[in-house]
Amino acid sequence: MASGANGRVSVAYGDNNNQHHKPAATLNGSPGKAAHPASPNGFVQADKNHPARDEDRSARQSLIILLAIFLTSLFAMLYVYAMFPELDESEKQYLKVPFDIDDAKQLGRVLDRYKDLYNLEVMFGIILVYIFLQTFAIPGSLFLSILSGFLYSFPVALTLVCFCSALGATLCYLLSQLVGRRLVKYYFPERAHHWAQQVDRHRDDLLSYMLFLRMTPFLPNWFINLVAPVIGVPLYPFALGTFLGVAPPSFIAIQAGKTLYKMTSSSDAFSWGSIAMLAAFSVVALVPVIFKRYFKTKID
């Protein structure tokens, strides 16, 4: 060990038993800066100076995962289509997802012909397509609700629609929780924060609010499914509120399905009487919240 005039201390290790050691370490009174900070386990830590770059990479990964899940589900749909009973050439063009009332009429005519001989296949096909549309927030489930009312009795159709709506919405919820949380917070950070605050404020009454939102047209169902996990809505009130909340609108759609061939558009299913019924059910859903706040103010 030797000390120079400028205060620099140098430590040298010699050769011992033919073993080579690291060169001398020098200290000049101020620590040097490492090019890459190392973690305790010896690996170089990730660069924390570029959070925007990391968020962008995370968003791209989420989109890739979402695309992979969608393509896998689409392949399963094509497999079910291939396993469907053999159809006439004139009927194959109508075996598709209905996006308007004419498509629903043609599909209903085909499925009604095969329903008696292939009841389970037809029902399983409707269930799978319904869940697929709900899971990936694709329009068309309203026409499947109308079609269910045309093909089945009211109790069977209502149970089928409520079950598919709840299961599809739950899968959409879980998918959004997996990949959508990062996407929404990346593209809409301020809105996500504001909505999360609203959820925290009404956390004790989330079931009532879920029922209200499902019965009213203020927010589309696909939007609720995607945003709910991002803003902190728990799965239990979400799933239960969906199953119960879609019943009144489904009641109207299923009733309209009984007169499918007389309909000219999906708006024919909703009359002023049906709208008034939905409004009444919506008010009933908020009654527990109203009474809770009323008694709370009285106690305070």
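Q: Which residues form one aromatic cluster here?
A: Good place to start! F70, F132 and F136 form one aromatic cluster. Keep in mind that this is a predicted model.

Q: How do I describe two aromatic rings that sit together?
A: A pair of aromatic rings is described by the distance of the centres and the angle of the planes. In this structure the count comes to 8 aromatic pairs. One of them joins Y114 and Y118, with 6.4 Å from centre to centre and 35° between the planes, and this pair is tilted.

Q: Is Y114 buried or exposed?
A: Buried means under 20% relative accessible area. Y114 has 9% relative accessibility, so Y114 counts as buried.

Q: What kind of aromatic pair do F150 and Y261 form?
A: Planes over 60 degrees apart count as edge-to-face. The planes of F150 and Y261 are 70° apart, with 5.3 Å centre to centre, and the pair is edge-to-face.

Q: Why does the pair of F150 and Y261 tie together parts that are apart in sequence?
A: Look at where each residue sits. F150 belongs to helix α5 (residues 141–151), while Y261 is in the loop between α11 (247–257) and α12 (272–299), so the pair links parts 111 residues apart in sequence. Y261 counts as partly exposed because its relative accessibility is 40%.

Q: Which residues form a nonpolar patch on the surface?
A: The patch is made of F163, L167, L171, L174, L235, F243 and L244, and together they have about 550 Å² of accessible area. The most come from α6, with 4 residues. L167 lies in helix α6, and L167 is partly exposed, with a relative accessible area of 32%.

Q: What is L207 in contact with, leaving aside its neighbours within four places in sequence?
A: L207 is in contact with P237, L240 and G241. L207 has its place in helix α8 (residues 206–215), and is partly exposed at 32% relative accessible area. The C-alpha atoms of L207 and L286 are separated by 9.6 Å, and these residues are 79 apart along the chain.

Q: Which residues does UniProt list for "transmembrane region"?
A: An unreviewed UniProt entry lists residues 63–84, 122–144, 156–176 and 269–291. In the model, residues 63–84 are 91% helix and 0% strand, and their end C-alpha atoms lie 32 Å apart. Residues 122–144 are 78% helix and 0% strand, with end C-alpha atoms 12 Å apart.

Note on methods: Residues numbered from 1 in each chain as written. Predicted model: local features only at pLDDT ≥ 70, side-chain atom pairs only at ≥ 80, totals over all residues. Heavy atoms only, no water. Helix = DSSP H or I, 4+ residues; strand = E, 2+ residues; numbered from the N terminus. Buried < 20%, exposed > 50% of the residue type's maximum accessible area, 1.4 Å probe, protein only. Contact = heavy atoms within 4.5 Å. UniProt positions renumbered as here; feature names shortened; annotations may be inferred. Patch = residues over 30% accessible without salt bridge, like charges linked within 9 Å, V, L, I, M, F, W, Y side chains within 5 Å. Areas by Shrake-Rupley, 256 points an atom, 1.4 Å probe, with all protein chains shown as cover. Salt bridge = Lys/Arg side-chain N within 4 Å of Asp/Glu carboxyl O. Phe/Tyr/Trp six-rings, centres within 6.5 Å; stacked < 30°, edge-to-face > 60°.
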